[in-house]
Amino acid sequence: MIYFDNAATTWPKPPEVSAAMVRFMEEVGGNPGRAGHRLAVGAGRAVYAARQAIANLFHVGDPMRVVFGANVTEALNLALHGLLRPGDHVVTSSMEHNSVMRPLRALEAQGVEVTVVACSPEGMLDPTQVEAAIRERTTMIVLNHASNVVGTLLPVAEVGRIARRHGLLFLVDAAQTAGAFPLDMEGAGIDLLAFTGHKSLYGPMGTGGLVIGRRVDAARLRPLKQGGTGSRSELEEQPAFLPDLYESGTPNVVGLAGLAAGVGWVQRRGVEAIRDHEVLLTRRLIDGLLAIRGVRVYGGLVAERQTATVSFCIEGMAPDEVGLRLDEEYGILCRVGLHCSPAAHRTIGTFPVGTVRFGLAAMNTIDEVDAALAAVERLAGGAH
Amino acid sequence: MSGPSYIVILMPSTSHAIHAEAVLKAAGIPCKMIPVPRQISSDCGVCIRVAREHREPARAALDAAAVAWEGMHEVGDAPSTNGSDHIVL
């Protein structure tokens, strides 16, 4: 079996991830911050270790600015619903996932103005068009760091500088890049970084969060929920400090124990080394697909300027048929269709049919790429 | 009369206490995480205990790392605070 659906979730995970989760369940298992006994404190330490690991990875000085949640979608919702008010204007791109688009459309119905800057058919964003879209009421720019459809990297550092110049908050959806691409939050001018734990951080599903930069006023960022935090139990009002303001209810500590182990694995292997490996695989995959008659590949077609996610179509064969035959006949698992990103597919010209997406990651090998190319070639040959 | 032998530092949350512990250990200040003594607060969480002679170095290390803390207490004495929203119950 060849697993090429890593853009949805990475698999397999490093063995130390499940080992850390089992260790937590069997040896710790307390509720963090809810008591002073050793198992509660042990759970608190597990959460703190994950916070520290994320802070180190993104070059964030203060681990208390890392707020955990269920996934990147929850983090994006917190940032968007928490900060945008009726009358505010927000700028985004036409390559966004629905985890950004749907909250923005919901906010639009409440009076937030939204400008979607068109990207090129290759998925490229021109930063000058972002700057041109800024108005007097603009308060935020939100972008994905890389497309989940074609892997194209958006120019976050350039847009970060634009945001700073205009005094705007800059929210980045790092779902596809956290762990796979070096990310320096402060260096890139990012104020809010939304990440997921279960992709290139190699943690389990149900983990993710938002890193809240120093330029963000927590008094303005409304929490999505209120509730028990284990702190300030004498008060019926939500604590005003980070991270408790945004972390009500018992957290997914077993997941965070796994996430810390996943980030540890990424750090030991090295983000740069992972990136080099993925560029190698991506280049081989793109070049191989381009050489197959009847295959059209989408995106910028330059491995260095994208993640290890590649979208393509076989002429004369619907993506869902390609996906089914790759699975059943060749044991190759991928994702076909619209990938929760109708805007991105409109941009690259593949709406509403979608594409076949190969999402590669650190665990994949050259041999797997070659086997997949041979399978696509056989399917494409039969499609004519 | 022998005075208290240690200082307890109240923190906003367990997360802060664990963070403070890491900062103090990195600064070479011996510390221990303990349940909050009943005579100081009815809070059910934990706090940081340091030796009395480490009170000022601990304060300096926490402030340098911008770790929020709520109060420093010599057990049995009146609480002193850092001026933030300290609570005595």
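Visitor: How many bridges join strand S1 of chain B to S3(B)?
Guide: In this predicted model, four bridges join S1(B), residues 6-10, to S3(B), and the two strands run antiparallel.

Visitor: Which residue of S3(B) is the bridge partner of Ile7(B)?
Guide: The partner of Ile7(B) in S3(B) is Val50(B).

Visitor: And how many bridges join S2(B) to S3(B)?
Guide: Five bridges link S2(B) to S3(B), which covers residues 46-51. This pair is antiparallel.

Visitor: Which residues of S3(B) do Ile34(B) and Met33(B) face?
Guide: Ile34(B) has Cys47(B) as its bridge partner, while Met33(B) stands opposite Ile48(B).

Visitor: What holds strands of a sheet together in general?
Guide: Strands pair through backbone hydrogen bonds, in either a parallel or an antiparallel manner.

Visitor: Turning to the whole sheet, in what order do the strands of chain B lie?
Guide: The order is S2-S3-S1-S4 in chain B, an open sheet of four strands with antiparallel pairing.

Visitor: Which are the edge strands?
Guide: They are S2 (31-35) and S4 (71-74) of chain B, each of which pairs on one side only.

Visitor: What is the average twist from one strand to the next?
Guide: The twist averages 30°.

Visitor: A change of topic: which strands does helix H1 of chain B touch?
Guide: Helix H1(B), residues 14-26, packs on the sheet and touches S2 and S3 of chain B. The direction of H1(B) makes about 25° with that of S3(B).

Definitions and conventions. Residues numbered from 1 in each chain as written. Chains lettered and ligands numbered in written order. Predicted model: local features only at pLDDT ≥ 70, side-chain atom pairs only at ≥ 80, totals over all residues. Heavy atoms only, no water. Pairing = 2+ DSSP bridges. Axes fitted to C-alpha atoms, helices over the stretch in contact; angles between N-to-C directions. Contact = heavy atoms within 4.5 Å.
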